[in-house]
Amino acid sequence: MAILEISDFDVSYVTKSRPPFEAVKDANLTIGEGEIVGLVGESGSGKSTLGNAAIRLLDPPGTITRGKTVFMGKDITRMNEDQLRAMRWKELATVFQSSMNSLNPVINIEKQFLDTIQAHTNQSDAQARRRAEDVLEVVNIEPSFLKFFPHELSGGMKQRVALALSLVLEPKFLLLDEPTTGLDVVVQQTILDNLKAAQQHYQFAVLMISHDLGAIMEIADRVVVMYNGELVDDQPAHQLLQSPQHPYSKILLDSYKLLWVTPDELDPNAGVKKIAEAFQKPTVIPPDKSESVVLKVTNLNKTFSRRRGFKTTTVDAVKDVSFELQRGRITALVGQSGSGKSTIARLITGIEHATTGSIMFGNTDVNTLRGKSLKEYRSHIQMVFQDPYSALNPAHTILHSLMRPLQNYKGMNAKDARARAIEMLEQVGLTPASRFMNKNPHQLSGGQRQRVVVARALAPDPEIVIADEPTSMLDVSIRAEILEVLNRLVRDTDIAMLFVTHDLLSARLLADEIMVLNKGQVVESGKADEIIANPKDPYTQLLLSSIPNPFVELGSTAAD
Amino acid sequence: MVTNERPVVDENAEIPDAQARTLAEVEERGGLPVPAWLKIIWQNKKARFGLVVLGFFVVVAVFAPLIAPHDPRNNDFVPFSEPSGTHLLGTTQAGEDIFSQFVYATRTSLIVGVLAGGMATIIGLIIGMIAGYAGGVVDEVLNFCINLALVIPLLPLMIVIAAYSPVKGLVTVIIVIGITSWAGGARLKRSQMISLKERDYITASLFAGDSMWRIVFREIMPNMTSLIVVGFLGAAIGAIGAESGLSFIGVGDPLTISWGTMMLWANNSGALLGGQWWWVFPPGIALAVLITALAFVNFGIDAISNPHLREE
């Protein structure tokens, strides 16, 4: 029996000043009792809108213009808010990406559970507490944590508490909107495991929204693909892997496969095949090795100390790290958040100064640079930022952003800088440049913005480029393209690149060498392919096994 | 497989960039599409009311010589006459036409609002932005000055400076108001600066080799346009009120024709006791309406930087 039935659903964003935007078009979706349905799609495809509208959580100006949702035999599309409120949490619950931040900071976990339980039932404190302990056990959290306040828990832990909280009244249906996005792979894996366990225990139905096919495949019985407001593919999870129905599903799958398999294993007709082949790495390393080293990091240490009252606590963010960056080669620095990888990037660029150790750029120690000399050093070292949505000044055109480094470092006048900037745009694949140069960042898509960010980093002809998670904010289908642009530019121009990432798979694709960082220390380093194929350190093994691999059942190269 | 995935962007992107887009269009420098931001303000009913009223006062101020039937300083008329066809609001104790004074006083208030408000805004902008951007010792020193200026009671300070200033006149009043009321704006801009300077695009400007001045005034400032305008209108409201207050208690320039001095003379001549409400009330009401109008315009400007406040 269907627990949730969405039929002929249209959702539009309607405002007086602009033409209405149809975010969801003619959606039909049925979720059976105890079924886990995954909804994948790119950002902007309307998946969150559909999920929220279906259970009446849509904010204005979003409006349901046609169709209805029937939940447990009742049409909830036109039910009034008071009736709905009684049903929320008790029969249908939600966990969002931000749920972990919606725990009330001033009361402890136990109180939040009691509030929720007693708002809907007449349970006594003792009963409710027992109930809370039971649910926490399902998500693998000790009952002693009930006394904790939200800020004392880690992000992953908070999200698991939010999950437990949503399950405490045993709802029949749970909407999960990007529940693991923004969390580390290892943490994500724990949450997905908890979710699976809880679902088996309570047998509720789930609609899980994510752009991450891997996470969806890990738990979903059925996968629905959304593209441009329409549901274009709807089939059992294993079947989707073998026979995607819609061209977009195919692209999505291929982009994923690209990360897991070698080019030979890809379908020769796949669009990504060509991209995969572009990632051929040079097999011959120039013989004069010492000449090609542009940056030499030795025994780098960074300690942060924080004073609270009279107590001073110190954190060793980076411990005894040594490595070299070489011309025309890409070195990946892989680790979870908090592993110190971003700190290393900041030390190398001179934004922070090392506690001990040296960073030698030629004969200069970066640690000693201040003011003017630091500015000069920065013409040799550039950065590609993580978030293309915040890396470009919203108040200026693309052209302006590209011309600044040229005018500052190359001493070009406006006319020359303009001509060079146009060239750069074409180089990163934004052709014809005249179509893009006078636009403001918000008029470009995430992928286009990231190309501009790459172009800007390359504008002053730097020796070194630091790419700080350059693809993690992008959709899977454009991720490979950006990596390809980076790859091509490094190989063509003999730049040394430090690729900072938490994603071992894209590191394998792009980098020559990988360093795995755990708690500020390098636990393993070596040739990229070797590390992925044969990880020696337990931490590397943990990282790899935490990445959901949808293709493992198909017998492709699984990394474990 | 990949964690750190679009934390903020997703929700916005689902709403086809609609909100983000108009916001950015409005905040754009250079190719500022005038209709876009004006439209947002106009859509807000309160702001529309404010703009209409403000527009009315501006028209009155600009065309004062055409609107006023007499020279406001001409004291040839019969003193203390009641409202009539020739003297719409009667005459003063000295025999001047009150309605003409009332019309000309609109000019004074608007000029003080623009100049003193503008002065306070610019001082606040420079001090706040430098403090916020530089940080460290510079911030400590400047922030101390801001705090000092905030805790000193404004009105007594203004009175002291105005009373002891060697020259009296509108310019003195404007300067006194300007140099005493910048602190609130400075505080606001400092905190906005501290938030904006952490954005990636500012780090990117650093990597692009831009100087501090350039980063502060060319890269960051255009992103706080609406905050600056809101601050300016707030400062203008304060300035108009302060000028009237100073004039009313007699430490302004008693020869300037402003709503404050009108009320001062009305009070001195016992207009309220004598039942001459036409002398006391119009300047007071006009002052209240003008200040309300400016505050209402501010609601609309808030909507530019915060899409949730828009009435569309």
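## Two domains of chain A

In this predicted model, the C-alpha centres of domain 1 and domain 2 of chain A lie 37 Å apart. The domain assignment of chain A gives residues 2-260 to domain 1, while domain 2 is made of residues 276-380 together with residues 500-547.

Where the domains touch, eight residues of domain 1 of chain A are in contact with 11 residues of domain 2 of chain A. On the domain 1 side of this meeting place, helix 6 and helix 9 (247-260) of chain A each supply at least two residues. Sorted by class, that side of domain 1 of chain A has five nonpolar residues, two polar residues and one charged residue.

## The largest nonpolar core

In soluble globular proteins, nonpolar side chains tend to be buried together. The largest nonpolar core here holds 240 residues, and the members that touch the most other members are Ala164(A), Ala332(A), Phe499(A) and Ala507(A). Helix 6 (residues 98-134) of chain B gives this core its largest share, 14 residues, and at least three residues come from each of domain 1 and domain 2 of chain A.

For Ala332(A), once neighbours within four places in sequence are left aside, the contacts include Phe499(A) and Ala507(A). Among the other contacts of Ala332(A) are Thr501(A), Leu510(A), Ile514(A) and Ala528(A).

## Helix 5 and helix 3 of chain A

Helix 5 of chain A is mostly covered, since 11 of its 13 residues are buried. The buried residues of this helix include Lys158(A), Arg160(A), Leu163(A) and Ala164(A). What covers the buried residues of helix 5 of chain A includes strand 6 (92-96), helix 3 (109-120), helix 4 (125-138), strand 7 (173-177) and helix 6 (185-202) of the chain. The length of helix 5 (residues 155-167) of chain A can be checked too, because 13 residues at 1.5 Å a residue should span 18 Å, and the end C-alpha atoms are 19 Å apart, which agrees.

Helix 3 of chain A has 12 residues and reaches 18 Å from its first C-alpha to its last, close to the 16 Å expected at 1.5 Å a residue. Its buried residues are Ile109(A), Gln112(A), Phe113(A), Leu114(A), Thr116(A) and Ile117(A), and what covers them includes helix 4 and helix 5 of chain A.

## Strands and their pairing

Strands of a sheet pair through backbone hydrogen bonds, either parallel or antiparallel. Strand 9 (residues 222-227) and strand 10 (residues 230-236) of chain A run antiparallel and are joined by six bridges, with Val225(A) standing opposite Asp233(A) in strand 10. The hairpin of these two strands has two residues between the strands, and Asn228(A) takes a positive phi near 55° in this hairpin.

An open sheet of four strands in chain A has the order 12-11-14-15, with antiparallel pairing. Strand 12 (311-326) and strand 15 (364-365) of chain A stand at the edges, each with a single partner strand, so one side of each is left without a neighbour in the sheet. Strand 14 (residues 356-361) of chain A pairs with strand 15 of chain A in the antiparallel sense over two bridges, and Met360(A) stands opposite Asp365(A) in strand 15.

## Chain B

Chain B has 15 helices and zero strands, and buried residues make up 46% of its 312 residues. Among contacts in chain B between residues at least 6 apart in sequence, 68% join residues at least 24 apart.

Terms used: Residues are numbered from 1 along each chain as its sequence is written. Chains are lettered from A and ligands numbered from 1 in the order in which they are written. This is a predicted model: local features need pLDDT of at least 70, side-chain atom pairs count only at pLDDT 80 or more; totals for chains, interfaces and linings use all residues. A residue is buried if 20 or more other C-beta atoms lie within 10 Å of its own, exposed if 12 or fewer, and partly exposed in between; C-beta atoms are placed from the backbone. Two residues are in contact if their C-beta atoms, placed from the backbone, lie within 7 Å. A nonpolar core is a set of buried Ala, Val, Leu, Ile, Met, Phe, Trp, Tyr and Cys residues joined through C-beta atoms within 7 Å. Domain bounds come from an automatic or database domain assignment. The expected span of a helix is 1.5 Å times one less than its number of residues. Ala, Val, Leu, Ile, Met, Phe, Trp, Tyr, Cys and Pro count as nonpolar, Asp, Glu, Lys and Arg as charged, and the others, Gly among them, as polar. Two strands pair if DSSP finds at least two bridges between them.
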